Amino acid sequence: MRAVWYDRQGPANEVIVTGELPAPEPALGQVRVRLEASGVNPADTYRRRGAVPAEYPRVIPNSDGAGVVDKAGDGVPARWLGKRVWLYNGQRNGRWMGTAAEFIALDTDLVTELPDHVSFAEAATLGIPCMTAHGCVFAAGPIQGKTLLVTGAAGAVGHYAVQLAAWAGAEVIATVSSEDKAQRALAAGAACVVNYRIEDVAARIAEITHGTGVDHVVDVDLGGNLAAVLGSVRENGSIAYYASNGSLEPKVNLRALMAKNLTVRGFVLPTSPHAARRRAQSDIAAFIRTPGRILSVAGVFPLYETAAAHLSVEAGGKVGTVVVIGRSANVTSTD
């Protein structure tokens, strides 16, 4: 099969190579997916650069993807064959073979059926971004009728968080950094937007909620946003964060957390509870069943330009997920 890999960590243009490798065979309980599209997430670039120590002598990068099941291992019902699917956690949890290739073999547990109206390129944006969004949105339980704050709402995870929260019946307040991003958040279902570059977030949240604060926060940078988040969440509220690039070791007023009876939870997809991941897959399947969802493809590269795709992600400023097209996948939505 045609594949992309690296045998050492480092800059994309120096370590990523393209060539031929044996196609994997599905083991017990696995299906093989003929990949049409591969999603490139920031975590994939971090691992390739060396933020995580090398786990294997060779790695096919990228965790997310979409394609068609072409082979089933022992114990897998024949009904899987020919199914259009999206998948996640490809190059994770003990697997060196990711989705930057023509084929991947994975447990059926990591594969979800894809409706016909969603393109493979769009489906490759689901994995890490949408699963992470789900884990954070529902971290404290049901949200129907509640008010949620989603920071960084125009980003890949934040944008899915807004959509999922609105879909589940919450009122969503979103923070953004520009008018264009404000329109993107509103299109996703946000009821109100706050421009954190020109507005006092906590003061604006207090005004919107009539002094009550929000029930739950989905946060993109807890270390950097700590003051605004703590000033925005109500007593007995909760915070779920999935990154903290602004500060990994922020100074935290524990008494302030205690006084509000706050629950704070970090989230990372590969080690999240199995039951929560299965629920996320089920909910996302229901969410995308309705046409018109915004599954944003930020850019498209052919498989042999995977290094350029990684560099595009590292450059920042993308809106949505960068996708590598391995075969003939069409793109029906770009932002």
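**Core and overall form of a predicted model**

Q: Which residues touch the most other members of the largest nonpolar core?
A: A nonpolar core is a set of buried Ala, Val, Leu, Ile, Met, Phe, Trp, Tyr and Cys residues joined through side-chain atoms within 4.5 Å, where buried means under 20% relative accessible area with a 1.4 Å probe, protein chains only. In the largest such core, which has 64 residues, the members that touch the most others are Val-33, Trp-86, Leu-126, Val-137, Ile-143, Val-162 and Ile-288.

Q: How many residues are in the other core that lies apart from it?
A: This other core includes Met-1, Val-59, Ala-101 and Ala-309. Its residues number 23.

This is a predicted model, in which local features need pLDDT of at least 70 and side-chain atom pairs count only at pLDDT 80 or more, while totals for chains, interfaces and linings use all residues. Residues are numbered from 1 along each chain as its sequence is written, and side-chain values use heavy atoms, with hydrogens and water left out.

Q: What radius of gyration does the protein chain have?
A: The radius is taken over C-alpha atoms, and the globule rule is 2.2 Å times the number of residues to the power 0.38. For 335 residues a compact globule would come near 20 Å, and the chain agrees with this, having 20 Å.

Q: What percentage of the residues of the protein chain count as buried?
A: The C-alpha trace spans about 60 × 40 × 35 Å along its principal axes. Of the 335 residues in this chain, the share that counts as buried is 54%.

Methods. Buried < 20%, exposed > 50% of the residue type's maximum accessible area, 1.4 Å probe, protein only.
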